[in-house]
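My notes follow in the order I checked things.

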Amino acid sequence: MVDIKSLTPEELKNEFINKGYKPFRASQVYDWMHVKLVRSFDEMTNIPVDMRAELSREYDLTSLKIVKEQISKEDGTRKFLFELCDGNLVESVFMRYKHGNSVCISSQVGCRMGCRFCASTLDGCVRSLKPSEMLDQIYAISHHVGERISNIVVMGMGEPLDNYDSLLRFIELITNSSGLNISTRNITVSTCGLADKIKELAAHKLGITLALSLHATTDKKRQELMPIAKVYSIEELMDACAYYFEMTGRRISFEYSLVAGVNDTMEDAAGLTGLAKRVSAHVNLIPVNPINERDFKRGTREAILAFKNKLEKNGINVTIRREMGQDIDGACGQLRRRKLTEE
Ligand code: SAH
């Protein structure tokens, strides 16, 4: 069955024309799905009852069920565990910032990249999400919280560039003026570094921000933390980043998860400075969130600040990821993992 929520307005119109419906029905149905955010054809009250019945026979309309919601007492961050139509689980996070509400979404059920410190990848990748299922996370949260979402980060479970076609379609739909109409400037996609795909994405010249999960400044150390580093060298990644910047004019962000005694020495800071300067990157430091399955430790507050200061002295634009929702399993993949383990 056709996944109706993954169709663009033009595709939906053509579908409907082919089925003998009036073209304006396509705009109405699109609006119900992407603006009014309803979960079923039955809620589309300006569509004739028999047409609604036909639609539900012929189209797949995805929706999510909230399995769990954790609200942080510290900062109001909300973490959601959602169940997809086939029973699989994904996580998303709602965060409130001064500049607007932001949602962090998952792009896959699990992940096959195998980064050592990450909980999402411990059981591998079950499957990639459809564009509609990425939208659904935002729609369900916006509907549930009753507030508009203005920023999207694709930084939840999964590797977005390993689900490339669906990611592009998702971006097309979420930025479409007939839908939530979110600006590409307010979208960030985070990747562990699939250099070929970074270049492909660059060629589309979308205004989205690319975040590269760097985490180490030498190939040897990066390979110890991230298996993907055996496929793409830092050199290849820097080429891809430079190309991205050149094509889009958008500054890359480096994400750097600080692990005590592993990648937090002053030598690492010097290496990171060199790489950031090369491609004019902004650096976002993430004090590692320890997970039970691995023995990675977070450094002291002083060590983290010393690392940040070193970069700043070197003229790098650096921030420490504001740690939201620490009290609610903030780290990627921990909530799903807990639920699966309970079962
Ligand atoms: N696959 C994408 C997006 C997923 S995670 C990527 O690799 O970028 C978003 C960020 O959180 C990545 O930088 C990832 O490396 C980091 N991350 C994952 N688990 C972490 C943990 N336990 N502590 C700190 N950062 C973590």
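I count a salt bridge when a side-chain nitrogen of Lys or Arg lies within 4 Å of a carboxyl oxygen of Asp or Glu. The model is predicted, and I kept that in mind throughout.

**Entry 1: Glu 147 and Arg 96.** I looked up this pair and found 2.6 Å from N to O, so the pair meets the 4 Å rule for a salt bridge. Glu 147 sits in the loop between helix H4 (131-145) and strand E9 (151-154), while Arg 96 is in strand E5, 51 residues apart, so I noted a link between distant parts of the chain.

**Entry 2: other salt bridges.** I listed 20 salt bridges in the structure. One of them joins Lys 79 to Glu 91, with the closest N and O atoms 2.9 Å apart. Lys 79 belongs to strand E4 (residues 78-83) and Glu 91 to strand E5 (residues 89-97), twelve residues apart. Both Lys 79 and Glu 91 are buried.

I also checked Glu 133, which pairs with Arg 127 at 2.9 Å between the closest N and O atoms. Glu 133 has a relative accessibility of 2%, so I put it down as buried, the limit being under 20%. Glu 15, Lys 19 and Glu 58 I recorded as a network of linked salt bridges.

**Entry 3: the two domains.** I took the bounds from the domain assignment, which gives domain 1 as 2-60 and domain 2 as 65-342. The contact between them draws 14 residues from domain 1 and 15 residues from domain 2. Their centres, taken over C-alpha atoms, are 33 Å apart. About 1300 Å² is buried between domain 1 and domain 2, and carbon and sulfur atoms give 52% of that area.

Entry 4: How many salt bridges cross between domain 1 and domain 2? I found three. I also looked up Asp 60 and Lys 130, a salt bridge with the closest N and O atoms 3.7 Å apart. Six residue pairs are in polar contact across the interface. On the domain 1 side, helix H1 (9-18) and helix H2 (23-34) are the elements that give two or more residues. H2 has the largest share, three residues. By class, I noted six nonpolar, three polar and five charged residues on that side.

Conventions:
Residues numbered from 1 in each chain as written. Predicted model: local features only at pLDDT ≥ 70, side-chain atom pairs only at ≥ 80, totals over all residues. Heavy atoms only, no water. Domains from an automatic or database assignment. Contact = heavy atoms within 4.5 Å. Buried area = accessible area lost by both parts, 1.4 Å probe. Polar contact = N/O pair within 3.5 Å; in protein donor to acceptor, adjacent residues only side chain to side chain. Helix = DSSP H or I, 4+ residues; strand = E, 2+ residues; numbered from the N terminus. Nonpolar A, V, L, I, M, F, W, Y, C, P; charged D, E, K, R; others polar. Buried < 20%, exposed > 50% of the residue type's maximum accessible area, 1.4 Å probe, protein only.
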